[in-house]
Amino acid sequence: MDNPSSEGPAPRRTLRRKAVRKNYDENAMDEPIETSKKKFKTKQQLEKETETEALIALSVGFPIDELLEDEIRAGVVRELGGKEQNDYIVVRNHIVARWRSNVRVWLLKDRIRESVSSECEHLISTAYEFLLYNGFINFGVSPLFNGYVPEDGSEGSVIVVGAGLAGLAAARQLLSFGFKVVVLEGRSRPGGRVYTQRMGGKERFAAVELGGSVITGLHANPLGVLARQLAIPLHKVRDHCPLYNSEGEVVDKVVDSNVEFGFNKLLDKVAEVREMMGGDGNKVSLGEVLETLRVLYGVAKDSEERKLFDWHLANLEYANAGCLSNLSAAYWDQDDPYEMGGDHCFLAGGNWRLINALAEGLPILYGKKVDAIRYGDRGVEVVSGSQRFQGDMILCTVPLGVLKKRCITFEPELPRKKQAAIDRLGFGLLNKVAMLFPSVFWGDDLDTFGCLNDSSIDRGEFFLFYAYHTVSGGPALVALVAGEAAQRFECTEPSALLHRVMKKLRGIYGPKGVVVPDPIQTICTRWGSDPFSYGSYSHVRVGSSGVDYDILAESVNNRLFFAGEATTRQHPATMHGAYLSGLREASRIQRVVNVSRGYPRKPVQRYSGVSNDVLEDLFKRPDIASGQLSFVFNPSTDDPKSVGLVRVCFDSFEDDPTNHLQLYAILSWEQAQKLQELGESSNESKLTYMVNTLGLKLMGGNAVLDTCGALISVIANARKGRSRTRVVARQ
């Protein structure tokens with residue numbers, strides 16, 4: 001193999017080897033929406049806009065000049081390949097881009113009509129409904145969506161098993177489609193394998209991730225959308241990841257670069273080898289092929305280079321939650337072309353903020369371990385202890401590890417094809433030691449650092465550390481354990497594990513004169529023995545392939561549906577994959593209901609607008625009034641983060657009170673309190689504080705009716721004493 005050039009930086013060390021993909025900049029989203037109609041734009045402007053919108057749609061998962069298979073099945077155009085298809089794609093891309101530009105607001109079809117020619121009215125309706133019912137627009141947790149959710153539950157009843165990301169996403173989406181939903185969760189909390197633990201006490205605490213932690217690729221990532229809707233900051237995981245040897249010294253940069261270059265070259269060679277092997281490539285493991293190639297090409301020949309090479313192998317085992325001896329050489333990376341682009345990020349304050357927002361308002365019953373799932377022509381039944389829950393359909397989102405253990409009895413049994421796919425797919429381990437310290441002794445400039453191990457068998461033990469001090473609220477470190485070491489971890493005493501990890505840390509920082517204090521609190525995970533997961537996440541094992549993900553995702557008799565990271569061929573082993581699978585299954589359930597009726601049902605009637613009179617009536621009785629500022633909030637909640645409206649009145653002419661300007665903004669109760677703290681400050685000072693410090697966006701009367709109509713409706717109804725109730729299907 002060629003040697004790396006001595007010029008230029010070493011290849012970037014990523015959380016997972018990524019495929020290069022053209023993408024748009026997610027950080028540029030949430031900018032003011034362009035509302036001028038297309039007929040006022042030049043041809044060049046339209047072409048540029050169309051190209052940008054195509055890139056955004058590509059990032060979300062749409063091909064440049066073709067339709068998705070789901071679009072073809074939905075019959076979005078009368079004839080494939082003609083002008084109508086081209087026009088449809090342009091309109092579809094425009095709708096996707098329009099919503100992505102402001103994901104906090106429900107995108108109404110009327111807003112699309114403002115910027116698309118009336119000649120395309122049928123395409124607007126077709127594209128809008130496809131995108132809406134397939135989870136590409138108007139999904140998530142924005143408080144402004146509440147007024148658009150139907151109340152009748154006339155579409156049918158669905159029992160969702162599991163309140164992880166997949167189950168929560170599906171439940172929210174199904175409710176928005178008009179279904180009755182109940183979620184059964186065996187744990188006492190939502191989130192499943194996404195679990196944020198608060199460590200420490202009142203004086204010193206930190207939120208650390210014991211399960212899913214990193215948003216892997218921000219561009220078009222639905223979790224990034226949720227973060228934007230909740231205005232939660234994201235922290236880019238910085239690229240700098242120093243590696244330390246067993247003596248506590250930083251690995252030589254030249255050696256590091258050479259070994260990483262050789263490692264990546266070997267992975268490229270694996271791809272060549274499997275091309276030559278054809279179908280036989282699925283009979284051998286990635287570990288076997290890599291070791292053969294390493295010896296053949298003379299990579300990592302001396303002991304120091306071998307330790308560094310082992311670190312990269314451990315990182316690969318972490319990415320796949322599986323030992324290299326189990327990973328399929330042919331298909332281990334089959335999902336690479338679909339990986340999200342952009343930065344890897346930590347969520348400020350922990351992923352529980354997304355989980356809690358998704359779970360809020362859902363009918364979730366905790367402590368309901370499912371023993372049996374029964375399904376037939378007349379409906380479905382879920383057995384949990386002595387209780388039985390009945391409905392029209394079931395969505396099963398339990399982890400692959402639970403399915404492998406046969407913890408749930410299916411009546412009738414699952415089809416042999418599906419059961420075989422469950423058995424073939426791999427489900428591996430990643431464990432962690434979370435530690436809260438008195439101080440950030442490792443330095444403020446690091447998000448990650450790695451440690452080499454002396455022996456290959458221990459290569460995955462505490463090989464990588466995540467530093468959460470930038471986002472957790474306290475000096476927290478999390479040590480990762482992958483591969484065979486993660487399996488041994490399960491049966492090792494926590495005291496022994498803590499002794500070993502502290503020995504590593506003191507071996508690194510002691511020689512630098514840094515005193516490593518004892519941790520205030522530690523937590524060791526045991527995902528392999530957790531009865532609600534029996535592992536961490538899926539991978540393609542020897543003998544398996546990406547097709548098995550598709551088989552696992554197939555529904556049974558249009559009654560039993562499946563979601564979760566192990567059911568998505570494109571995004572397995574990721575939090576966003578789990579979330580997307582929930583949206584996918586909600587769409588499938590909706591389609592099944594439509595087909596069973598024998599005709600497509602008209603879209604569920606949603607909020608159609610409020611008048612200016614309703615808005616004026618709200619501000620006649622504001623919750624808070626201070627000078628020229630007045631505030632209204634939903635009286636049915638005391639959540640400090642609940643949102644309401646502020647109105648700012650400006651007198652245009654001192655002597656004529658009928659001439660005045662009124663501007664509005666969406667804000668939380670907390671933000672309103674901060675404005676109140678300004679006391680008797682001038683109107684101009686408060687306005688400056690609102691825009692520059694709180695980041696509020698002011699809008700006129702027509703804009704607030706269009707953008708915040710649902711919020712206005714919710715507040716108005718709550719003031720009248722009306723509240724919505726859900727009927728869940730249970731017995």
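## A buried asparagine

At 4% relative accessibility, Asn-138 counts as buried (buried means under 20% relative accessible area, exposed over 50%, partly exposed in between, with a 1.4 Å probe and protein chains only). This is a predicted model, where local features need pLDDT of at least 70, side-chain atom pairs count only at pLDDT 80 or more, and totals for chains, interfaces and linings use all residues. Residues are numbered from 1 along each chain as its sequence is written, and side-chain values use heavy atoms, with hydrogens and water left out.

Look for Asn-138 in the loop that links helix 5 (121-133) to strand 1 (157-161). Helices (H or I, at least four residues) and strands (E, at least two) are DSSP runs, numbered from the N terminus. Asn-138 isn't a glycine, yet its phi is positive, about 55°.

## Two more backbone spots

Most residues other than glycine have a negative phi, and most peptide bonds are trans. Asn-558 also has a positive phi, near 55°. It sits in the loop between helix 16 (547-553) and strand 22 (560-562), and with a relative accessible area of 43% it is partly exposed.

For a cis peptide bond, go to the one from Glu-411 to Pro-412, where omega is near 0°. Pro-412 belongs to the loop between strand 14 (409-411) and helix 13 (416-424).

## Helix 1

Helix 1 covers residues 43-60, so 18 residues, and spans 26 Å from first C-alpha to last, close to the expected 26 Å (1.5 Å times one less than the number of residues). Its buried residues include Glu-49, Glu-53, Leu-55 and Val-60, and the buried residues pack against helix 3 (83-100).

## Helices 9 and 10

The axes of helix 9 (residues 286-297) and helix 10 (residues 303-320) come within 13 Å and cross at roughly 155°. Axes here are lines fitted to C-alpha atoms, for helices over the stretch in contact, and angles run from 0 to 180 degrees between N-to-C directions. The two helices are therefore roughly antiparallel to each other (the label for angles over 145 degrees).

On the helix 9 side, the contact (heavy atoms within 4.5 Å) is made by Leu-286, Leu-290, Glu-291 and Arg-294, and on the helix 10 side by Arg-306, Phe-309, Leu-313 and Leu-316.

## The whole chain

The chain holds 22 helices and 26 strands. Of its 731 residues, 56% are buried.

Terms used:
Angles under 35 degrees count as roughly parallel, over 145 as roughly antiparallel, 65 to 115 as roughly perpendicular and the rest as oblique.
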